[in-house]
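Visitor: I have a structure open and a few questions about it. Can we go through them one by one?

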Amino acid sequence: FQDSDIAKWLEGAAYSLIWHPDERLERMADEAIEDIVAAQQPDGYLDTYYIINGPERRWTNLMDHHELYCAGHMLEAALAYEQATGKRRLLDAMIKYVDLIDATFGTRPGKKRGYPGHPVLEMALMRLYARTGEPRHLALAKYFVDQRGQTPLYFQEERLREKNPYMWEDSPFGDQYYQAGKPLREQTEAEGHAVRAMYLYCGMTDVARETGDKALVETCRVLWRNVVRRRMYVTGAVGSSAYGESFTFDYDLPNDTAYAETCAAIGLVFWARRMLTLEPRGEYADVMERALYNGVISGMQQDGKRFFYVNPLEVLPEACARDHGRRHVKPERQKWFACACCPPNLIRTLTSLERYVYSADDTAWYVHLYVAGGAAAAFGGVKASLKVETGYPWREEVSIRVKPEAPVRFRLALRMPQWCAQPELRLNGEACPAEHRDGYAYIDREWRPGDTVALRLPMPVRVLRANPRVREDAGRVCVARGPMVYCLEEADNGGDLHLVRLNGNRDFTARFEPDTLGGVVTLASGGIREDPEGWDEGRLYAPCGEPATKPVRLRWIPYYAWANRAVGEMLVWVRA
Ligand code: ZN
């Protein structure tokens, strides 16, 4: 799968070049593209593993090998690079490869009825279709979505024919590891490998939107509800188990053995963004924000040089070192990984943030996330721009200045975050008439240069509980402010964080600290700490009595910023 690492790097480099022209970076990318294109076979095939290890064996292990996955990532890179530089060298090569894939796979006689063991090509093809308008590109994506899990199971036949090992034979998920045990339209729960699932759902949502297939749209909604109501961490992370990097079962969200791969949270962001294209509902953007501001960026150290693959919500460094069941959890970010999927995935996501912040259709301009900066769009041929000033997510105020070239009517749709009980909206200093629907406030008017919308999103500290069915969080609470989830770290609060309780007063103070962790709002509150001093160390168990306690001050930092100071304990869900 390692062709995909450079593909994601190229894609990220392309987005970076859009905003930050850089001759040296562009030259590096051009040279990489020349190397890649030089490896392409005469018929268009382009996967280095099989080119090097046996071209005659290509397409014989779609289940576990990654030809179609790498093709998807390289296609996304090619599209991004053309968008950034206008250079078509890689895109032309990838279109030739797509032609070969199209000639190889399908339901017609003589074609292989296979599909990617690791999805991503589906959504890449949909992006290619958006660029080319070529119906074959849409049809190929739709084929991969429709054919997946059809009887007879392609992967099962392939295993028997090619004598491929079946890693998941005795697992709880079998072919559902690949979300390929049954047709997609019959799937009602997120199962198997979490990143595969997220990428597949992205492609499925793209196909559902483009084809208007109502059954497929409903499948998207059913799976969405299963994920976000039963299988998602409060940080927006998904994938509860290290075994198979997988989903497990409803409400199974262990904090200290979580897998919560950075790529899976990124995949959830991708999917949420696509669900918004099906229907503009704030709940999708809420999840996008939850994941982006917590479980995604936790994957990168503040200097951008070290990364987490696994993003737990509770860490005891000794357990990471000495318990096999928690060895996948690292107490500090790593320089690199043998499977280096997450670092370049972060690069391409963070360098293309604008895709998640705004969208526009013929009559409405959506602001999904509140990020300082600007955007441009046109309505009825009249160009307009937005200028956003805000200190979000630390500050509550967002100022949006609208600047059309000439007065023009459109609906400005501002997401009203679900976490915010009482958003305040003003237009040019006056009360602002707006239609509130599905998590967005629609301001419908003829906009004039200088019109300014002032949004205030009050951010009192919130103490959250989990659904009582989440066993791991029973009797525990989590602290949040605005979109940010907070945690306790040993660096601020000492070790043995399991002995700490939040007291009932909830006397939080929030303070912006410019010199802490790159500038964050920290929280302080009262707490109670059990005192183990009086315990008879000669006994592991003793009759129940009231434990000795002492009051303490607790200091909370945003979850994403943990493990940037010293190796130590970390805890999100604290005893109430
Ligand atoms: Zn990853």
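Visitor: Glu11, buried or exposed?
Guide: Glu11 counts as buried, because its relative accessibility is 3%; buried means under 20% relative accessible area, exposed over 50%, and partly exposed in between, with a 1.4 Å probe and protein chains only. Keep in mind that this is a predicted model, where local features need pLDDT of at least 70, side-chain atom pairs count only at pLDDT 80 or more, and totals for chains, interfaces and linings use all residues. Residues are numbered from 1 along each chain as its sequence is written, and side-chain values use heavy atoms, with hydrogens and water left out.

Visitor: Which helix is Glu11 in?
Guide: Helix α1, residues 3-19. Helices (H or I, at least four residues) and strands (E, at least two) are DSSP runs numbered from the N terminus.

Visitor: What does Glu11 touch?
Guide: Leaving out residues up to four places away in sequence, Glu11 touches Glu76, Ala77, Ala80, Arg127 and Arg348. Contact means heavy atoms within 4.5 Å.

Visitor: Changing topic. What is the strand order in the five-stranded sheet?
Guide: The order is β2-β3-β7-β11-β10, in an open sheet with mixed pairing. Two strands pair if DSSP finds at least two bridges between them.

Visitor: Which strands stand at the edges?
Guide: β2 (358-360) and β10 (435-437); each has a single partner strand, so one side of each lacks a neighbour in the sheet. Neighbouring strands of this sheet are turned by 25° against each other on average, direction ignored. Axes here are lines fitted to C-alpha atoms, for helices over the stretch in contact, and angles run from 0 to 180 degrees between N-to-C directions.

Visitor: Which helix packs on that sheet?
Guide: Helix α12 (residues 282-296) does, touching β7 (408-415) and β11, and its direction makes about 55° with that of β7.

Visitor: How many residues of β7 are buried?
Guide: Six of the eight, so β7 is largely enclosed by the rest of the structure.

Visitor: And how does β7 pair with β3 and β11?
Guide: With β3 (residues 364-367) the pairing is parallel, over four bridges, and Tyr366 has Ala413 in β7 as its bridge partner. With β11 the pairing is antiparallel, over eight bridges; there Arg411 stands opposite Asp444.

Visitor: What about β10 against β11?
Guide: β10 and β11 (residues 440-447) pair in the antiparallel sense over three bridges. His436 stands opposite Ala441 in β11.

Visitor: What is the order in the six-stranded sheet?
Guide: β4-β5-β6-β12-β8-β9, open, with antiparallel pairing.
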